[in-house]
Amino acid sequence: MDRFAELKAAIKTAELVDAHAHNIVAVDSAFPFLNCFSEAAGDALSYAPHTINFKRSLKEIAELYGSEISLSAVQEYRANSGVEAITAKCLKAAGISTVLIDDGLELDKKHDIEWHKAFVPYVGRILRIEGVAEQILDEYDRFMFPAGSPTRIENKNFIDHIFIHALEVAQCFDLPMQIHTGFGDKDLDLRLSNPLHLRSLLEDSRFKKCRIVLLHASYPFTKEASFLASLYPQVYLDFGLAVPKLSFHGMLSSVKELLELAPIKKVMFSTDGYAFPETFYLGAKKSREIVFAVLRDACIDGDLSIPEALDAVKDIFSKNSLELYKIKSASMSLDLDKMTGSSFLKIDDYSPTPVITFVRIMWVDASGQHRCRVIPKKRFYDLVTKNGVGLTCASMGMSSHMDGPADETNLTGVGEIRLIPAMQTKCQIPWAKEQEMVLADMQLKPGVPWEYCPREALRRVSKILKDEFNLVMNAGFENEFYLLRSMLMDGEEKWVPFDKTPYCSTSSFDAAFPLFHEIVASLQSLNIVVEQLHAEAGNGQFEIALGYTTCEAAADNLVFTREVVRAVARKHGLLATFVPKYKLDDIGSGSHVHISLSENGENVFIAHGGSTKYGMSKIGEEFMAGVLSHLPSILAFTAPVPNSYDRIQPNTWSGAYHCWGPENREAPLRTACPPGTPDGSVSNFEIKVVDGCANPYLALASVLAAGIDGLRRHASLPEPIEDNPDNVKDKVRRLPKSLSESVEALVKDQVMRDLLGEKLLVAIKGVRKAEIKYYSENKDAWKNLIHKY
């Protein structure tokens, strides 16, 4: 479920009150269409097509009209359609229910106020003080300048006189006054348009009840405007013109800056549309995009809740203006399916769209480390998508401590394979939006799998399960990890826990809330379902449980989740580590996985009609019995470093004994009956002896191989252990206490060899033996694992 679905819907359907706009002109007006994109005039206007606003806006107008993306094509469409048709199209697509028009702006062949009422339910008029002053001088103009030369009021005293009287009139009739601050008038001195120059007026007791609206977001003085709105009850803000004239980043930062201090109840939308109906459309379209992006980020950062963001949508787009200007708006109904220009409503695009510059091609090696090659975007799409990139065969022989092939892997620096992007996994990197990432398959050449490829191994064994039994294995991982912060102690960097709170501590989650907000949002952007998260028993330890899916997708999701957690932690100045036992005197971290079987989309692990005494189907029992019998050799895949066995100890809920039990968290295999499952029925089983150093593809492939063997043999489960296994040692034996014992079990396991492949197993055993040798000879080297997992 998309966390921001409700906010997106609110933005899409919001009726807009356009509180500041100008008249639309006839198609044959002498006013240049280029001014749709720029305030410039004369020779300067010729540079308009080279602006970011022009290039972006032209594309959006062309998309609305269904024309080619060129100025001539858009102008041809306008001329052929007529101003009435394009106005109807633009304003309907904009979703504007109310517009207030300042008709004092002199435009060639502009339509009067009444004309606009055919396109918008409610049209009001803004009295332009500058226009009134010019009317006063109209007779003087005609007498002194018979040729029609314009009069420009430049006398500061006269301007102030008119302005003060205008304030008195506005206050008398309880009308707000809109003031141009910042950019928006080509003939003003921008240095003098800083709204801070209004401080003396705002402090004047005569006008403290006169509500003043600062237009154009006061750009580039947005922070100053926000400050004034926070300090003075009579100051309001309108971000029209800044949106849509600035770059996306400029619009986003401007609105964010307005909201840094200003009350949401004082910030208002307008298009500042003028002359061309396209300006109304662009102002509305970009405002929806920007407001969504701003409110979404505020929710991610923890500044707002979703309900508060929903209220802000109503306030900014309509409610604030309706109340301030005392408008009884004629509401309009937005038919989203029939709205012209449906591309306008692509809310998923309502965030900056950075130019992708690089693509990371990722794989997980035999030691469980994540690695990548980074390719410039053009080369990636031109060449790499089909041909991949070269990679040494030694890559699957590397251990956690050495970037070279381990002995006895039969892999050397001689020979090369291809990393072929699995394009269905490609996605934008949430924490580095200028990049994409994609998981890779290892192939001898495009289309020819390499027998050492972990993803191919999982696919291969999954196909056997499907072909022989018409079954699919589903999986859901629980990720435990520590958050550590760096401290300098006696001149040496030390990594200490993020906090020291107990299991499921509320204060711990409060402290980590900003980080988890960002983690969950990032995972949601990758379509990875998060079922729950909480503080774990270790100091600074947390858990994120992911949603159930097919085993290959579950492995992909686990890789991406580890990447997200580590990256977001780095962004917050922390180190996230999935190492099994980061500190020998604290609790360990696992990557428990829940397993079930489905046939034609239906969970067939659950017993039907009391088919077994354990609450699971015969198929489920046989599969699980196979996993239980091969568990010692499975550990060579799921607990792949010596440090893994520091975690798998009695009385630590890690599953140290070779047994299973219903809801027994001390057993390595625990049958589970989650909410919604019929009483006494088992929907899945949990494998607890998996940790964050495991390659998830190889771990799940080994589980699948064991389960297939159980199905083939029609294996049965022994009696469950319903006590702490450490209390009944006479009934159970320990699982391997070291990586050496697991490798020894793997060497003897013919099923693993047959189903996973001889070559792959030789490489795995060689890498594991290298780990055993290195860490036995370097007693403190395990401490460096926190930077690798």
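**Cavities**

I began with the lining of the largest cavity and sorted it by class: nine residues are nonpolar, none is polar and one is charged. The model is a predicted one. I noted a volume of about 60 Å³ for this largest cavity. Its lining consists of Met362, Trp363, Val364, Leu439, Ala440, Met442, Cys453, Pro454, Arg455 and Tyr697. Strand 9 (358-364), strand 14 (435-445) and helix 16 (454-469) are the elements that each give two or more residues to that lining.

How many cavities of 30 Å³ or more does the structure hold? I found two.

The second largest cavity has about 50 Å³ of space. I listed Ile24, Leu91, Ile96, Val99, Ile101, His116, Val120 and Phe280 as its lining residues. Strand 2 (residues 96-102) gives the largest share of them, three residues. By class, the lining of the second largest cavity has seven nonpolar residues, one polar and no charged.

**Helix 2**

I then checked the length of helix 2 (residues 52-65). Its 14 residues, at 1.5 Å a residue, should span 20 Å, and the end C-alpha atoms are 20 Å apart, so the two values agree.

Next I looked at burial. Ten of the 14 residues of helix 2 are buried, so the helix is largely enclosed by the rest of the structure. I wrote down the buried residues of helix 2 as Asn53, Phe54, Arg56, Ser57, Leu58, Glu60, Ile61, Ala62, Leu64 and Tyr65. Arg56 and Glu60 are among the buried residues.

Which elements do the buried residues of helix 2 pack against? I recorded helix 3 (71-81), helix 4 (83-94), helix 11 (242-245), helix 12 (248-261) and helix 13 (277-300).

I also looked just past the end of helix 2, where Gly66 has a positive phi of about 70 degrees.

**Asp709**

My last entry concerns Asp709, which I located in helix 22 (residues 696-713). Is Asp709 buried or exposed? Its relative accessible area is 11%, and the cut-off for buried is under 20%, so Asp709 counts as buried.

I then looked for its partners. With neighbours within four places in sequence left aside, Asp709 is in contact with His630 and Val751. The side chains of Asp709 and His630 are also joined by a polar contact of 2.7 Å.

Methods:
Residues numbered from 1 in each chain as written. Predicted model: local features only at pLDDT ≥ 70, side-chain atom pairs only at ≥ 80, totals over all residues. Heavy atoms only, no water. Helix = DSSP H or I, 4+ residues; strand = E, 2+ residues; numbered from the N terminus. Buried < 20%, exposed > 50% of the residue type's maximum accessible area, 1.4 Å probe, protein only. Polar contact = N/O pair within 3.5 Å; in protein donor to acceptor, adjacent residues only side chain to side chain. Contact = heavy atoms within 4.5 Å. 1 Å grid on protein atoms, 1.4 Å probe; cavity = no way out; pocket = protein on both sides within 12 Å on 5 of 7 lines; lining within 4 Å. Points joined across faces, edges and corners; volume = space filled by probe spheres on them. Nonpolar A, V, L, I, M, F, W, Y, C, P; charged D, E, K, R; others polar. Expected span 1.5 Å × (residues − 1).
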